[in-house]
Amino acid sequence: MRLRTILGKIILWIFLLAVAFITVIPVVITILGSFKTNAELTAGATFLPESWHFSNYAEAWSQANFSRYTLNSLIVSLATVAGTLLVSSMAAYVVDRMDFAGKKLYIGLQSFTMFVAVGAVVLRPQFDLMVKLHLHNSLWGVILILISAHASIFFILFSFMKGIPRELDEAALIDGCSPGRTFWRIILPLLGPGLGVGALFTFRGAWNEYLLPLVFTMTKPELQTLTVGLANLKYGISAASQTHYMMAGACLSILPILVAYLFANKSFMQMTAGSLKG
Amino acid sequence: MNKTKHALFSYSFIFPSALLTLVLGIYPIAWAFRYMFYDYKGFGTARFTGLANFSRILKDTQFWDSVVNTFVYAGGKLLITIPLALLLAAILNRGLRGRQLLRGIFFMPTVISTAVMAVVFFTIFNSYNGILNQFLIRSGLSDSGVDWLGPKYAMLTVILVAAWGAVGNYMLLFLAGLQNIPEDVYEASSLDGAGKIQQFRYVTLPMLGPVMQMVIMLAIITALKGYESIMVLTEGGPVGKTEVMFLYLYKLFFPVGGGSAAVQVQEFGYGSAVAFVSAVIVGMISLIYFYASRRMNQTD
């Protein structure tokens with residue numbers, strides 16, 4: 001019996017470590033690969049770089065234009081986070097605290113957009129709409145569309161809102177505070193943790209988004225985000241000779257989100273049911 | 001505050017959210033719904049053609065090939081993802097040293113961009129100077145490497161990459177479900193002399209039933225709709241071997257001419273009809289699964 005449990009434990013750990021290895025190895029290859037020369041990478045003979053070429057980053061940053069892509073990614077992500085949080089926290093506030101005709105309809109609308117995602121097909125009308133609004137020549141089109149997909153964040157904030165005692169608003173109201181002021185001065189600060197989680201998910205989504213910026217930058221390379229610029233390297237004429245740039249670029253796009261993940265591991269793990277990736 | 005002011009305030013606060021949702025969420029769906037009855041190529045005037053687009057779909061072998069590929073892709077992905085995620089969740093649910101760290105590691109792929117990882121996997125699996133093949137050849141495990149993205153193995157590679165990105169997510173959903181199973185059920189069963197494997201079979205699995213049903217449903221829908229990583233990794237090629245339904249659909253709206261692909265002109269009207277049929281197929285599969293799993297519950 002004793003021997004069997006020990007044997008079982010060994011098998012269990014071999015299994016766990018094997019899965020962990022497979023999970024981590026592509027990311028490790030990327031990080032280590034970003035310091036190798038192109039020849040070393042495609043030879044595939046070494047695990048650790050023969051010598052560490054930090055210059056890959058400098059070159060990818062300037063030659064492969066990753067400085068531009070990073071800036072675009074940052075603009076898109078930060079603007080999307082700010083817009084999403086503002087729009088959905090305002091909606092969550094009145095839906096939770098006020099009574100008005102059409103409230104049920106609004107909630108139904110949000111659940112509908114959350115569950116009926118038709119993907120590729122809505123991209124086209126969205127794009128045409130932005131052309132009509134003359135927003136297709138900037139990143140604003142992408143940002144607005146990303147903000148418009150705020151249903152899941154709305155529901156997250158809505159549930160956080162329920163946890164803030166109503167007595168606080170009533171007290172503020174008696175003190176002569178208008179509902180608008182109550183929202184800015186009392187509710188928003190107390191909504192901190194909910195906003196944090198919402199920011200995390202929105203940032204992850206916007207930072208990783210590929211199709212939207214791809215569609216909007218097909219004719220405007222200077223607006224490409226990291227994901228798009230990186231994938232385009234693959235199609236480049238000399239794709240094979242740019243593997244080290246690809247690795248450095250991949251690191252630039254993975255590392256910020258990985259660092260955020262390490263710090264906010266718990267929130268990512270707890271609230272993941274709200275995001276439908278997979 | 002009087003009623004009108006109250007209502008006005010509410011509407012002003014909900015306005016940005018409602019407007020964005022209506023204009024960028026609902027209108028595009030209505031747009032597609034309308035154009036599926038039209039012959040519209042994105043320029044010129046749209047011509048009403050009734051059900052012509054739908055009879056064209058019936059004869060569109062490329063589309064039906066992509067439907068078959070979608071089933072192979074989704075089936076393969078589920079076959080790897082669900083059992084593995086369940087197993088990992090079951091192991092990491094109970095007192096095991098280092099389980100927090102392992103959970104963190106397994107969940108990590110979910111936070112990384114699908115498109116970016118597809119680029120990285122491309123450099124790893126690339127048949128000619130890919131990292132994996134070079135490693136296989138150098139270490140003597142293979143003479144000439146494996147044509148990972150060739151006609152024979154491309155679908156397998158695509159499935160493996162998709163599974164890599166998805167296991168952690170489903171593991172976490174299973175973990176959430178497992179945490180709702182009360183500890184004393186396990187204690188009672190171990191008093192009755194049940195081993196770990198018996199506990200898993202007779203306690204964990206049945207009690208996880210409803211969560212499992214939900215997670216598998218979610219996994220089916222996501223797998224049927226997924227195309228981003230395939231788009232970057234193979235563009236649907238080689239010779240259409242990895243072309244899935246939603247990727248084919250994307251190409252009708254944004255022709256790129258990559259992969260096998262075949263779509264050279266924009267086909268907004270036809271694309272909308274294909275989108276509708278695709279959505280119906282996804283819906284039907286979900287319904288079939290829903291009823292099948294309900295019947296299984298009843299016979300238990």
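**Cavities**

I looked up the largest cavity and found about 40 Å³ of space in it. The model is predicted, so I kept to its limits: local features need pLDDT of at least 70, side-chain atom pairs count only at pLDDT 80 or more, and totals for chains, interfaces and linings use all residues. Residues are numbered from 1 along each chain as its sequence is written, chains are lettered from A and ligands numbered from 1 in the order in which they are written, and side-chain values use heavy atoms, with hydrogens and water left out.

I noted the rule for a cavity: on a 1 Å grid over the protein atoms alone, it is a set of points where a 1.4 Å probe fits but cannot get out. Lining residues have an atom within 4 Å of a point. Points are joined across faces, edges and corners, and a volume is the space filled by probe spheres set on them. I counted two cavities of 30 Å³ or more by this rule.

For the largest cavity I listed the lining as Ser73(A), Val76(A), Ser77(A), Val142(A), Leu146(A), Ala206(A), Trp207(A), Glu209(A), Pro213(A) and Thr225(A). Two or more of the lining residues come from each of helix 4 (66–97), helix 7 (140–148) and helix 11 (192–208) of chain A. Helices here are DSSP runs of H or I with at least four residues, strands are runs of E with at least two, and both are numbered from the N terminus. Helix 4 of chain A gives the most to this lining, three residues. By class I got six nonpolar, three polar and one charged. The classes are: Ala, Val, Leu, Ile, Met, Phe, Trp, Tyr, Cys and Pro nonpolar; Asp, Glu, Lys and Arg charged; the others, Gly among them, polar.

**Second largest pocket**

I then turned to a pocket, an open set of points with protein on both sides within 12 Å along at least five of seven lines. Helix 1 of chain A, and helix 3 (61–93) and helix 9 (196–207) of chain B, each supply at least two lining residues. I found that helix 1 of chain A gives the most, with seven. The lining divides into twelve nonpolar, eight polar and four charged residues.

**Surface patch**

Ile6(A), Leu7(A), Ile10(A), Ile11(A) and Ile14(A) make a nonpolar surface patch of about 490 Å². Patch residues have over 30% relative accessible area and no salt bridge; like charges are joined within 9 Å, and nonpolar side chains (Val, Leu, Ile, Met, Phe, Trp, Tyr) within 5 Å. Areas come from the Shrake-Rupley method with a 1.4 Å probe, and for residues only the protein chains shown count as cover. I placed Ile11(A) in helix 1 (residues 2–33) of chain A. Ile11(A) counts as exposed because its relative accessibility is 54%. The cut-offs are under 20% for buried, over 50% for exposed and partly exposed in between (1.4 Å probe, protein chains only).

**Salt bridges**

I searched the whole structure and found ten salt bridges over all chains. The criterion is a side-chain nitrogen of Lys or Arg within 4 Å of a carboxyl oxygen of Asp or Glu. Asp96(A) and Arg97(A) form one at 2.7 Å, N to O, and both residues are buried. Asp99(A) and Lys103(A) form another at 3.6 Å, N to O. Asp99(A) is exposed at 61%, whereas Lys103(A) is buried at 19%.

Salt bridges with shared partners join Asp39(B), Lys41(B), Arg47(B), Arg56(B) and Glu267(B) into one network. Lys41(B) is partly exposed at 28%, and Glu267(B) is buried at 8%.

**Backbone**

I noted a positive phi, near 70°, at Asn65(A), a residue other than glycine. Asn65(A) is in the loop between helix 3 (55–62) and helix 4 of chain A. Val239(B) also has a positive phi, near 40°, and is exposed at 69%.
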